[in-house]
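Please read these notes with the model open beside you, and look up each residue as it comes.

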Amino acid sequence: MDRHQELARLWTRNLSVVEAYLFSLWGRGEEVEELLQETITQIFQQIDKYDFDRPFLPWALGVARNVVFRHRRDFARHRQVYSQKALENLTRAFEEVSETEEILRRSLRECFARLTVKSRQICRLRYEQNLGREEIAKRQGISVNAVKIGLYRLREQLRTCIKRRLQSRGLP
Amino acid sequence: MNRWEDLLNDYMDGLHVPESHDELDRWLAEDPDHARQYAIRMLLHCELLRCRWSIESPRNEAIHQRTFWWSLFDLKKARYGVVTVIALTIFPLLAWFLWDQERFLAEAPPDVKQKEMEQIAVEKSRVSLQEIRVPAGRISQSVNVQWPLTEQRWSVGDILNEKDVIHLVSGRMEVQFNSGALMTLVGPAVLEIRSAYLVQLQSGIATTRAENLKSGLFRIMTPWTEVVDLGTEFGVRVDPKNEEADVVVFEGAVGLVPIDQSSEEFTPSRILQKGEAVRVSKHGRMERVVSIENSAYPIGDNILSPSLKRDAVITRVTDDRRDPSSPKYYRIYHAALDEDSRAYVDRTHEWNGITEEGIPYYLRGADYVAGFNDDKMNCPEVTIELSRPAMLYLLLDDRYPPPDWLTKSFEKLDEKIGLDQGPSNFHQSYQTGHGPGVSIDTIHSIWRRRVESPGTVTIGALPRATIELDGKTFKESTSWSMYGIVAQPLE
């Protein structure tokens with residue numbers, strides 16, 4: 001297989017993990033999109049530096065981390081700087097969970113189907129329409145705290161359901 | 001909800017504050033398992049954000065159901081239907097109740113009935129997997145579209161889900177993908193949606209703007225090549241009859257990967273830059289596309305452009321360039337020259353009037369060719385194919401000494417046209433302005449030649465110019481600009 005084709009394949013397979021990693025380092029969703037675009041550009045520009053015999057994700061996470069560090073001035077202003085130890089744990093965690101990412105994504109579809117009407121409604125407002133807690137509360141005629149709890153329950157329901165599926169496949 | 005779950009949920013909802021970040025940091029540093037739990041939650045959150053999970057009822061089925069039930073109340077159409085449905089529904093139930101009413105009432109104690117009803121309510125609140133369709137995008141505009149009788153017809157606002165296939169007979173349709181990519185499809189075309197990031201173009205023309213992707217990279221598969229977006233605007237034309245695909249880059253760059261790499265003819269995959277275009281054969285061989293028509297690849301506001309008021313004057317452009325590693329193309333704009341018209345394919349420079357009066361009236365609405373500004377360093381001989389008698393204009397940078405072939409066959413006019421330069425390697429701080437007389441950087445003189453019959457006209461190469469500074473002669477100036485070519489039909 002051609003190098004560019006192989007790199008595109010590897011990137012497509014791992015982009016969810018890199019995106020989540022960037023989000024966990026940066027926090028602000030709208031800027032994560034730009035960082036991700038910069039990461040992919042860097043990865044393709046550095047194709048000659050990549051050793052295809054070595055695992056892709058640690059290299060990609062390294063490129064993503066460097067992209068974040070390049071924007072460090074902004075980063076420091078918002079005090080979103082992790083300590084060395086936290087960053088190490090985080091990077092290793094993302095490398096590990098990447099093995100379960102594909103199953104996670106497939107399980108999500110099944111777990112989503114098991115949600116109650118109320119949870120699906122709140123999910124649609126938060127994730128499909130990208131609304132904040134206050135806006136959801138206004139639309140639903142409930143308190144912001146009730147939305148916060150509703151979102152927490154929704155995420156927990158999905159996480160527990162996915163965890164059960166991962167465990168049934170012998171994964172941690 | 002404990003403290004760290006509270007922190008994580010605030011983080012996912014964009015409500016984290018700097019003070020809580022230190023707390024989160026300590027928690028992550030404390031135990032690798034904490035980081036793992038955090039990573040799984042972030043993956044889940046991003047997946048929900050990225051895919052925008054939703055539940056869609058099949059549209060046609062819903063319409064069909066609505067039509068059927070409403071038809072029962074249309075007495076003119078279905079007066080017998082109403083009677084039949086009432087009779088079939090009510091009478092058996094009534095008969096059963098009267099026949100076995102004791103058992104009916106005795107078998108369902110209130111608490112059991114309540115539990116059953118609750119169970120049914122819970123089951124009803126769940127949906128089957130078939131009902132969940134992963135949306136990939138939405139149809140945002142359409143112009144004069146026609147659909148085959150046997151295939152699905154799409155409307156503006158319709159959601160496109162993974163595995164949907166668009167069969168467009170004619171017209172133009174715009175799709176806004178959830179990944180952020182914007183695509184215009186020109187019919188006849190067949191497009192299969194694989195996801196918000198991947199489509200298969202089986203035939204037709206698709207122009208894509210993918211510069212602000214929400215994540216990752218956008219890819220278009222064709223039967224003969226895979227086109228990988230690297231932050232760009234590009235066009236793909238698939239011609240199943242001739243078994244070839246054209247790929248044209250308007251901004252940024254794309255990666256090209258031929259599908260059939262077993263053939264002896266195949267060209268290894270390559271990156272195409274702005275201003276480059278290739279034709280890929282079914283065996284993976286890549287050849288330069290020398291010129292393209294701008295209107296063939298509409299995107300953004302251009303999708304609504306009215307059809308041409310007249311036939312094209314410039315139909316083709318070729319040159320004597322021989323370098324196979326440089327697949328540069330000429331972009332032909334029909335009836336389009338106006339203020340702020342893009343001048344070159346490799347720069348964002350624009351043509352403008354040098355004063356507020358604007359560009360000379362006889363150039364307005366003319367056909368013109370956007371070539372390579374970099375050709376000023378190594379100018380080729382260019383041949384223009386004209387479909388009808390025309391006035392041919394050449395716009396030459398005033399700093400260039402006019403070459404002999406120009407003074408012999410063209411006439412110099414008194415009017416001038418300006419070039420408003422965008423950023424380049426030499427002038428990185430330059431920005432284009434808007435409208436005539438604004439931000440004009442270089443002045444071009446206008447030369448004309450009357451061409452009485454259709455055919456080809458060859459424009460000579462520009463000799464390597466020299467300039468003198470402080471008594472010294474320099475071979476060339478890289479700051480000068482390449483000429484422009486314009487044609488207006490003769491009345």
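1. Glu243(B) sits in the loop that runs between strands β9 (233-239) and β10 (244-251) of chain B; helices (H or I, at least four residues) and strands (E, at least two) are here DSSP runs, numbered from the N terminus. Although Glu243(B) is not a glycine, its phi is positive, at about 55°. With a relative accessibility of 33%, Glu243(B) counts as partly exposed, a class that lies between buried, under 20% relative accessible area, and exposed, over 50% (1.4 Å probe, protein chains only).

2. Before going further, please keep in mind that this is a predicted model, in which local features need pLDDT of at least 70 and side-chain atom pairs count only at pLDDT 80 or more, while totals for chains, interfaces and linings use all residues. Residues are numbered from 1 along each chain as its sequence is written, chains are lettered from A and ligands numbered from 1 in the order in which they are written, and side-chain values use heavy atoms, with hydrogens and water left out.

3. Other backbone angles deserve a check as well. Most residues other than glycine have a negative phi, and most peptide bonds are trans. Ser439(B), in the loop between β23 (411-420) and β24 (442-451) of chain B, has a positive phi near 60°, and at 30% relative accessibility Ser439(B) counts as partly exposed. The peptide bond from Gly187(B) to Pro188(B) is cis, with omega near 5°, and Pro188(B) belongs to strand β5 (residues 182-193) of chain B.

4. Which cysteines form a disulfide? The structure holds 1 disulfide over all chains, a disulfide being a pair of cysteine sulfur atoms within 2.5 Å, and the partners are Cys111(A) and Cys161(A), whose sulfur atoms are 2.0 Å apart. Because Cys111(A) lies in helix α5 (residues 84-113) and Cys161(A) in helix α8 (residues 144-168) of chain A, the pair ties together parts that are 50 residues apart in sequence. The torsion about their S-S bond is about -85°, so the disulfide is left-handed. Cys111(A) is buried at 2% relative accessible area, and Cys161(A) is buried at 8%.

5. Helix α6 (residues 117-128) of chain A has a set of buried residues, namely Ser119(A), Arg120(A), Ile122(A), Cys123(A), Leu125(A), Arg126(A) and Tyr127(A). For Cys123(A) the relative accessibility is 0%.

6. Arg219(B) belongs to strand β7 (residues 219-221) of chain B and is buried, with a relative accessible area of 13%. Its side chain makes a polar contact of 2.7 Å with that of Glu226(B); such a contact is a pair of N or O atoms within 3.5 Å, where, within protein, one must be able to donate a hydrogen and the other to accept it, and residues adjacent in sequence count only if both atoms are side-chain atoms. Leaving aside residues up to four places away in sequence, Arg219(B) touches several residues, among them Thr12(A), Tyr197(B) and Val228(B), contact meaning heavy atoms within 4.5 Å.

7. Chain B has 8 helices and 28 strands, and 49% of its 491 residues count as buried. In the order β15-β17-β20-β28-β22-β24-β23-β19-β18, 9 strands of chain B form an open sheet with mixed pairing, where two strands pair if DSSP finds at least two bridges between them. At the edges stand β15 (291-293) and β18 (341-342), each with a single partner strand, so one side of each is left without a neighbour in the sheet. Strands β17 (residues 330-333) and β20 (residues 367-370) of chain B pair in the antiparallel sense over 3 bridges, and Ile332(B) stands opposite Val369(B) in β20(B).

8. Of the contacts in chain B with a separation of 6 or more, 63% come from residues 24 or more positions apart.
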